[in-house]
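Reader: I would like to learn how to read a structure like this one, feature by feature. Could you walk me through it?

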Amino acid sequence: MRIPVFAANWKMHKSGLEAMAWVREFALLTRELSADAAEVVIAPPFTAIAVAAEAVRGSHLTVAGQNLYFEREGAFTGEVSAGMLKAAGALSVIIGHSERRRLFGDTDESVRRKVAAAHGAGLTPIVCVGETLDERERGDTLAVLDAQVRAGLDGCSGDQIGALILAYEPVWAIGTGRNATAVEAGDAHAHIRRRLREWFGGAYAEHTRILYGGSVKPENIRELIGLADVDGALVGGASLDAASFASIVKKATS
Ligand code: PEP
């Protein structure tokens with residue numbers, strides 16, 4: 001059985017103090033949630049990771065980075081390595097978010113190197129894939145997903161595939177208020193799982209958690225989480241407010 005994962009991607013929002021207040025509020029609102037019902041991950045900006053990691057200590061929450069650079073150390077001004085994230089208290093890291101791909105030059109090759117760096121440091125990669133609106137309208141969705149999954153996970157062992165997390169995030173659904181329909185999300189998730197089985201073997205592919213991301217809200221989580229291959233959600237806007245994220249997690253697990 002795959003334990004669902006709910007990940008809050010705060011993007012460029014929240015100071016350390018705000019992260020602490022969020023964790024306090026979320027913990028209160030979800031105190032009935034059993035630890036095996038769901039894994040809950042928060043991804044603050046780099047500057048709040050250490051404080052957030054301290055704040056979640058002893059709770060069922062864990063902390064993720066939003067990105068990393070694949071080198072271990074060196075003259076890379078402004079970058080943060082996998083080992084640094086780990087040392088700051090992160091257990092996982094988002095890789096290849098469409099905003100990184102679109103605005104900051106992430107490619108399938110840099111995603112592959114970042115995934116390898118995350119594994120090297122003992123971090124769980126949360127690898128984002130998804131098509132743009134143009135690609136969907138041209139009928140290229142599944143081909144885009146194939147290319148991103150294949151290239152991004154190239155070199156991973158079966159065990160690593162089973163332990164990592166994928167996030168299907170149609171680019172046109174991120175921050176737009178327009179989520180994928182159940183049919184669109186269901187097709188994409190089933191396709192990704194099928195490919196994981198073909199490429200890495202069914203025994204591993206059954207363990208990989210595939211999250212849906214793109215305008216997830218308390219109002220639409222039930223329908224999405226009900227789909228066979230949807231194993232949780234990566235949430236941006238609706239995760240900034242602890243109450244709304246708590247409502248998503250509670251609705252998905254009740
Ligand atoms: C995201 O940034 O990963 C995301 C899914 O954002 P939103 O929930 O705001 O669409």
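Reader: Let us start with a single residue. Is glycine 120 buried or exposed?

Author: Gladly, and please keep in mind that this is a predicted model. A residue counts as exposed when its relative accessible area is over 50%. Glycine 120 has 70% relative accessibility, so it is exposed. This glycine sits in helix α5, which covers residues 108-121. As for its place in the fold, glycine 120 and glutamate 18 are separated by 102 residues in sequence and by 31 Å in space, C-alpha to C-alpha.

Reader: And for contrast, what is the relative accessible area of serine 239?

Author: Serine 239 has a value of 0%, so it is buried. Its place is the loop between β8 (232-235) and α12. Leaving out neighbours within four places in sequence, the contacts of serine 239 are Ala8, Asn9, Trp10, Trp22 and Phe245.

Reader: Now helices. Which residues of α1 are buried?

Author: The general idea first: an α-helix has 3.6 residues a turn, so residues three or four places apart point the same way. Here, the buried residues of α1 are Gly16, Ala19, Trp22, Val23 and Phe26. These residues lie on the same side of α1 because they cover an arc of only 115° around the axis.

Reader: What does the buried side of α1 pack against, and which exposed residues are on the face turned away from it?

Author: The packing partners of the buried residues are β2 (39-43), α2 (49-56), β3 (61-65) and α12 (242-253). On the face turned away, α1 carries the exposed residues Leu17, Arg24 and Leu28.

Reader: How can I check the length of a helix, and what does the check give for α9?

Author: You compare the end-to-end C-alpha distance with the span expected at 1.5 Å a residue. Helix α9 (residues 182-200) has 19 residues and should therefore span 27 Å; its end C-alpha atoms are 26 Å apart, which agrees. For α1 (residues 16-29), with 14 residues, the reach is 20 Å, close to the expected 20 Å. Just after α9 comes glycine 201, with a positive phi of about 105°. Buried residues of α9 include His189, His191 and Arg193, along with Ala182 and Phe200.

Reader: How many residues line the second largest pocket?

Author: There are 18, and those nearest the centre are Gly175, Ser215, Val216, Gly236 and Gly237. The space in the second largest pocket is about 190 Å³. Its lining has five nonpolar, 10 polar and three charged residues.

Key
Residues are numbered from 1 along each chain as its sequence is written. This is a predicted model: local features need pLDDT of at least 70, side-chain atom pairs count only at pLDDT 80 or more; totals for chains, interfaces and linings use all residues. Side-chain values use heavy atoms; hydrogens and water are left out. Helices (H or I, at least four residues) and strands (E, at least two) are DSSP runs, numbered from the N terminus. The expected span of a helix is 1.5 Å times one less than its number of residues. Buried means under 20% relative accessible area, exposed over 50%, partly exposed in between (1.4 Å probe, protein chains only). The arc is that of the directions from the helix axis to the C-beta atoms. Contact means heavy atoms within 4.5 Å. On a 1 Å grid over the protein atoms alone, a cavity is a set of points where a 1.4 Å probe fits but cannot get out, and a pocket is an open set with protein on both sides within 12 Å along at least five of seven lines; lining residues have an atom within 4 Å of a point. Grid points are joined across faces, edges and corners, and a volume is the space filled by probe spheres set on the points. Ala, Val, Leu, Ile, Met, Phe, Trp, Tyr, Cys and Pro count as nonpolar, Asp, Glu, Lys and Arg as charged, and the others, Gly among them, as polar.
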